[in-house]
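I opened this notebook to record, entry by entry, what I looked up in one protein model. The sequence and the structure come first, and my entries follow.

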Amino acid sequence: MPNLSSPFPAMRAAVAAALAVGVAASVPACTTATPPAGEPTASPVTSAPASGGGDTPSPTGSTSATESQTASPGAAGGADPIMRGERQIVLRPVGSFESILAVDAKGRLNLTDGDTDKSLFVLLPARGNKYQIRTAKAHGGGEPDCMGLRDDGSAPATVVATPCDAGRAGQLFTIEKTREKSEGRPTYTISGEGEVRLRATDRQGLVVERVREGDAGEGLTFDFVDNGAAPAGPGD
């Protein structure tokens with residue numbers, strides 16, 4: 001399983017003491033802390049996976065700037081580098097026992113509790129609180145895929161990997177910050193077109209279904225686990 005717990009270091013710079021001629025006068029050193037770069041994580045990672053490398057995704061990642069954000073519920077963007085598409089992340093359902101989301105062998109986004117390199121994603125801002133969810137890595141020698149809704153008829157809709165196209169129906173997801181936190185980390189709801197929400201349960205896996213306002217059912221919230229800088233995508 002991906003590691004869930006290691007710290008992301010803060011950088012410090014010091015100013016040396018200066019001496020005046022004939023008089024030994026020292027100037028106190030100043031320290032400037034650079035805020036941690038990523039966020040939604042359970043706990044920081046010691047080293048972020050290099051883009052395209054073989055490191056296993058970490059479902060806890062690094063403590064990020066999002067944790068210190070004071071944006072009101074519903075506002076998912078702002079200064080958070082994850083929401084700007086600058087970080088690669090693991091999508092973790094809140095309350096799920098060591099499960100994360102990954103693209104399975106059939107191309108479906110679903111729950112997994114095993115090691116996989118298909119569980120890293122990048123959130124690409126579109127407009128407002130709408131985003132594309134793109135795989136961080138290309139698989140099979142092609143380009144990264146984007147997640148899209150698939151109507152399965154009478155069964156609940158599912159999310160599948162498909163070629164990226166922001167103008168294609170079903171590829172834009174509304175991501176909204178909630179008032180709740182998971183172990184101190186922000187949590188989010190993810191909705192698709194047609195007022196449907198992503199729900200992850202051990203019984204059904206990840207499905208997309210209509211949820212009544214105020215529904216407190218399980219599996220409706222997710223946290224985003226920082227796994228380092230996002231690799232360059234097509235056209236970047």
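**Entry 1. A bridge pair in two strands**

I began with K177, which stands opposite Y188 in β9. I noted that the model is a predicted one. I then looked up the strands around this pair: β8 and β9 run antiparallel and are joined by six bridges. Their hairpin has two residues between the strands, and E183 takes a positive phi there, near 55°.

I stayed with Y188, which lies in strand β9. Is Y188 buried or exposed? Its relative accessible area is 1%, so Y188 is buried; the cut-off for buried is under 20%. I also looked up T178: Y188 and T178 are ten residues apart in sequence, and their C-alpha atoms are 5.4 Å apart in space.

I next searched the whole structure for aromatic pairs and found one. Which residues form the pair? They are Y188 and F224, and their rings are stacked, with 4.5 Å centre to centre and 10° between the planes. The pair links distant parts of the chain, for Y188 is in strand β9 while F224 is in strand β12 (residues 222-229), 36 residues apart. I checked burial for this pair as well, and both Y188 and F224 are buried.

**Entry 2**

I then listed what L123 touches, leaving out residues up to four places away in sequence. Its contacts include I82, M83, I89, Y131, I175 and F224. I133 is also one of the residues touched by L123, and L123 stands opposite I133 in β5.

**Entry 3. Strand β5 and its two partners**

Which strands does β5 pair with? Strand β4 (residues 121-127) and β5 pair in the antiparallel sense over six bridges. The hairpin of β4 and β5 has two residues between the strands, and G128 takes a positive phi near 55° in it. Strand β5 (residues 130-135) also pairs with β8 in the antiparallel sense, over two bridges.

**Entry 4. The disulfide**

I asked next how many disulfides the structure holds. There is one, formed by C146 and C164, with sulfur atoms 2.1 Å apart. The torsion about its S-S bond is about 95°, so the disulfide is right-handed.

C164 has a relative accessible area of 36%, so C164 is partly exposed.

**Entry 5. A positive phi in a loop**

I looked up E195, which is found in the loop between β9 (185-192) and β10 (196-201). Phi of E195 is near 60°, a positive value in a residue other than glycine. I recorded the general rule for reference: most residues other than glycine have a negative phi. Is E195 buried or exposed? At 68% relative accessibility, E195 counts as exposed, the cut-off for exposed being over 50%.

**Entry 6. The whole protein**

The protein has twelve strands and zero helices. Of its 236 residues, 44% are buried. Among contacts with a separation of 6 or more, 59% are between residues 24 or more positions apart. The accessible surface comes to about 11,900 Å², and carbon and sulfur atoms account for 50% of it.

Key. Residues numbered from 1 in each chain as written. Predicted model: local features only at pLDDT ≥ 70, side-chain atom pairs only at ≥ 80, totals over all residues. Heavy atoms only, no water. Disulfide = S-S within 2.5 Å. Buried < 20%, exposed > 50% of the residue type's maximum accessible area, 1.4 Å probe, protein only. Helix = DSSP H or I, 4+ residues; strand = E, 2+ residues; numbered from the N terminus. Contact = heavy atoms within 4.5 Å. Areas by Shrake-Rupley, 256 points an atom, 1.4 Å probe, with all protein chains shown as cover. Pairing = 2+ DSSP bridges. Phe/Tyr/Trp six-rings, centres within 6.5 Å; stacked < 30°, edge-to-face > 60°.
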